[in-house]
Amino acid sequence: MSKEKAEELKNQGNTSMKAGKTEEAITLYSEAIDLDPDNHVLYSNRSAAYANLKKYQEALEDAEKTIQLKPDWPKGYSRKGAALTYLKKFADAEETYREGLKIDPNNDQLKKGLEDSQNKKMDDLNPFQFIYE
């Protein structure tokens, strides 16, 4: 019964996300997690919602839980890599994307994430950004 209710809450959370109600979605995903704490998709979805609100540390924590629960699921690595990139932990992000690509070498989301992380790292290393500090 609780897994069915968790699935219902997840679907409501997805609908809230699509409607731009991110805080509501996080609440719904959290309620679903309380009912089905071993469901990796719930943590993945909540990770995306946190990232949407620029709560990257929370997004990272949920992405790590996603990978812990389902280490062979590429999307968990994509979520973790994105959170790390936004936290400017570029080397960790690149490593995470590469781990995901070992599982699914043709995953376009992971390939793009790796490329984006590398590009952001290069932007972050721009020597001219500190001239006027």
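**Entry 1: a pair to start from**

I began with Lys70 and Asp72, whose side chains meet in a salt bridge (3.4 Å, N to O). For a salt bridge I took a side-chain nitrogen of Lys or Arg within 4 Å of a carboxyl oxygen of Asp or Glu. The model is predicted, so local features need pLDDT of at least 70 and side-chain atom pairs count only at pLDDT 80 or more, while totals for chains, interfaces and linings use all residues. Residues are numbered from 1 along each chain as its sequence is written, and side-chain values use heavy atoms, with hydrogens and water left out.

Next I looked up how open the two residues are. I call a residue buried under 20% relative accessible area, exposed over 50%, and partly exposed in between (1.4 Å probe, protein chains only). Lys70 is partly exposed because its relative accessibility is 29%. Asp72 also counts as partly exposed, at 47%.

**Entry 2: the chain as a whole**

I went through the secondary structure and found 7 helices and 0 strands. Helices (H or I, at least four residues) and strands (E, at least two) are DSSP runs, numbered from the N terminus. The pattern along the sequence reads α-α-α-α-α-α-α. Along its principal axes, the C-alpha trace spans about 60 × 35 × 20 Å. The chain has 133 residues, and 39% of them count as buried.

I then looked up contacts, meaning heavy atoms within 4.5 Å. Among contacts between residues at least 6 apart in sequence, 44% join residues at least 24 apart.

**Entry 3: other salt bridges**

How many salt bridges does the rule give? The count comes to 8. Side chains of opposite charge can pair when their charged atoms come close.

I looked at two in helix α1 and its surroundings. One joins the side chains of Lys3 and Asp36 (3.5 Å, N to O). Lys3 lies in helix α1 and Asp36 in the loop between α2 and α3, so this pair ties together parts that are 33 residues apart in sequence. Is Asp36 buried or exposed? Asp36 is buried, because its relative accessible area is 8%. Lys3 counts as exposed, at 54% relative accessibility.

The other joins the side chains of Lys5 and Glu8 (3.5 Å, N to O). Both residues lie in helix α1, 3 residues apart, about one turn of the helix. Lys5 is partly exposed at 35%, and Glu8 is partly exposed at 41%.

I also noted Ser2, which is found in helix α1 (residues 2-18). Ser2 is partly exposed, at 34% relative accessibility. Its C-alpha atom is separated by 42 Å from that of Lys120, 118 residues away along the chain.

**Entry 4: the nonpolar cores**

I looked for nonpolar cores, which are sets of buried Ala, Val, Leu, Ile, Met, Phe, Trp, Tyr and Cys residues joined through side-chain atoms within 4.5 Å. The largest has 16 residues, and Tyr97 and Leu110 touch the most other members. The elements giving two or more residues to this core are α2 (22-35), α3 (40-52), α4 (56-69), α5 (74-86), α6 (90-103) and α7 (108-124). Another core, of 7 residues, lies apart from it, and among its members are Ala6, Leu9, Ala32 and Tyr43.

In soluble globular proteins, nonpolar side chains tend to be buried together.

I listed the contacts of Leu110, leaving aside neighbours within four places in sequence: Pro74, Tyr77, Ser78, Tyr97, Gly100, Leu101 and Asp104.

**Entry 5: the largest pocket**

For pockets I worked on a 1 Å grid over the protein atoms alone. A pocket is an open set of points where a 1.4 Å probe fits, with protein on both sides within 12 Å along at least five of seven lines, and lining residues have an atom within 4 Å of a point. Grid points are joined across faces, edges and corners, and a volume is the space filled by probe spheres set on the points.

The largest pocket holds about 310 Å³ of space. Of its 16 lining residues, Ser78, Ala82, Ala83, Tyr86 and Tyr97 are the closest to the centre. Which elements give two or more residues to the lining? They are α3, α5 and α7, and α5 gives the most, with 6 residues.

I sorted the lining into 7 nonpolar, 5 polar and 4 charged residues. Here Ala, Val, Leu, Ile, Met, Phe, Trp, Tyr, Cys and Pro count as nonpolar, Asp, Glu, Lys and Arg as charged, and the others, Gly among them, as polar.
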